Amino acid sequence: MRTTKLFLTLITAATLSSCGIYKNYERPAEISADGIYGDAQSGGEQGLGDIQWRQIFTDPTLQQLIEQALAQNTSMRQADLRIQEAQNNLKAAKLAFFPSLAFAPSGTIMGTVDPYNREKYENMMGNGATKTYSFPISLNWQIDAFGTLRNTKKGREVAVENMQSVRQAIQTALVANVANLYYTLAMLDKQLAIAQETTEKWKKTVDMTKLLMEAGQANKAAVASTEANYWAICTSTIELQNNIRQVENALCSILGQTPGHISRNSIDTFQIPANLTTGLPIGLLSRRPDVHQAELALASAFYNKNIAKAAFYPNITLSANGQFANSISGAGIVNPGGFIFAAVASLTQPIFQNGRIRAAYKNSQAELDVATIGFQQTLLDAGIEVNNAIAQLNSDNGKRQLLENQVKSYTDAVDANEKLYRQSNNNYLNVLTAQSGLLNAQMSQTTNTFNIIADVITLYQALGGGAE
């Protein structure tokens with residue numbers, strides 16, 4: 001009786017002192033997303049990151065490519081399998097709360113046989129041998145009095161959520177990469193068209209300069225200069241064609257298909273979203289995969305610390321064994337068979353473990369601190385990325401009108417120099433200079449158009465957009 005009271009007293013005291021290991025993870029109060037965007041924060045609760053990718057990328061051809069990538073990309077398929085593995089581990093952790101049963105029937109036969117006496121051998125195999133059989137059943141049940149199983153289950157839940165976040169990160173990156181490569185091709189298409197058009201003009205210029213030299217109105221230097229520029233533009237045309245092939249192959253790899261042509265529309269069809277605001281920073285905690293993963297790592301460390309703390313408390317196990325056994329002798333079957341059973345309740349309280357338990361607990365506390373710092377830094381870096389994306393978008397938007405003005409000015413310069421050349425035999429090198437400037441300005445304008453699109457994609461990804 002005294003032993004029972006002592007046992008109950010120890011259990012009660014241990015349970016009261018271990019209440020902390022039953023707490024669920026809560027985000028530390030010192031970690032806040034307020035102000036992480038700096039001066040770039042804008043808009044209300046809903047920002048660019050809250051919009052579905054189909055509303056950002058309205059080009060039907062691009063939408064089909066993104067959907068193909070999400071369905072066929074190998075990284076996405078691997079992530080789905082990893083999620084299944086994590087879910088299987090979670091199911092196993094849940095089943096650990098229930099007793100485990102084992103059934104192992106067995107039978108034996110024993111006897112001595114003289115290999116030279118066949119008659120005795122036959123008698124021995126008949127009724128002379130000793131035959132026994134048993135049908136044992138064993139039951140083991142670990143009582144989760146101090147949260148070891150519970151915290152293990154919680155850790156598995158975090159692992160499942162983490163793998164889902166990994167999949168979200170892959171999807172976000174896929175959407176952004178496909179869109180970037182698609183509009184890179186559209187940019188190269190436009191630059192190639194500009195280069196080819198300029199090549200045709202320069203070819204006419206070279207021919208005209210040769211005629212002028214034959215007429216005594218131009219010299220060898222003018223012909224050589226126009227030819228040099230013509231060959232340079234031809235070279236850039238070949239380089240652009242090669243770049244297009246390289247980008248198409250890169251996109252095919254993401255799409256999970258063999259190299260081939262990628263259909264696309266003009267870069268000018270892209271429409272900048274009306275809502276380019278950041279929204280509230282708190283949204284990053286759930287939308288942006290790397291931030292969410294950093295918090296899940298913190299939650300996992302929290303539950304691991306609880307498991308390490310639970311190692312200080314007793315381990316209670318209930319075991320029961322029972323078996324139906326019988327024996328068959330030469331005299332016949334002895335019935336009824338006997339049923340043997342045993343039940344044991346054990347409590348194991350660690351007392352001296354060479355400091356291993358305490359060291360493991362201290363390590364788990366250190367890992368929790370490391371995860372906390374990592375979460376804070378990841379959140380800070382995310383805010384800086386958003387701020388940089390906003391600044392870059394504003395910069396490229398500011399260049400747009402200036403580049404339009406530059407293209408217009410060079411166009412006017414080409415027209416004016418050609419008129420002067422026809423009217424007053426002005427130096428034709430002025431015409432060539434203006435044409436070269438126009439080509440560079442048009443290329444820069446196309447690049448800037450792509451940069452604005454890329455900035456929108458970068459901001460969308462930085463805000464955690466692209467996943468559903």
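Which backbone nitrogen does a side-chain oxygen of aspartate 59 reach at the start of H3? It's the one of threonine 61, to within 2.9 Å. That's a polar contact (N and O atoms within 3.5 Å, one able to donate a hydrogen and the other to accept it).

Before we go on, this is a predicted model, where local features need pLDDT of at least 70 and side-chain atom pairs count only at pLDDT 80 or more, while totals for chains, interfaces and linings use all residues. Residues are numbered from 1 along each chain as its sequence is written, and side-chain values use heavy atoms, leaving out hydrogens and water.

Now look along H3, a helix (a DSSP run of H or I, at least four residues) covering residues 60–72. Leu62, Gln63, Leu65, Ile66, Ala69 and Leu70 are buried here, meaning under 20% relative accessible area. They sit on the same side of H3, because they cover an arc of only 160° around the axis, taken from the directions from the helix axis to the C-beta atoms. On the other side, Pro60, Gln64 and Ala71 are exposed, so over 50%.

Next comes a neighbour, helix H7 (residues 220–255). Leu65, Gln68, Ala69 and Gln72 of H3 make the contact with Leu251, Ile254 and Leu255 of H7, where contact means heavy atoms within 4.5 Å.

Finally, hop over to threonine 184 in helix H6 (residues 148–214). Threonine 184 is buried, at 16%, and touches Val247 and Phe450, not counting residues up to four places away in sequence.

Notes: Helices (H or I, at least four residues) and strands (E, at least two) are DSSP runs, numbered from the N terminus. Buried means under 20% relative accessible area, exposed over 50%, partly exposed in between (1.4 Å probe, protein chains only). The expected span of a helix is 1.5 Å times one less than its number of residues. Axes are lines fitted to C-alpha atoms, for helices over the stretch in contact, and angles run from 0 to 180 degrees between N-to-C directions.
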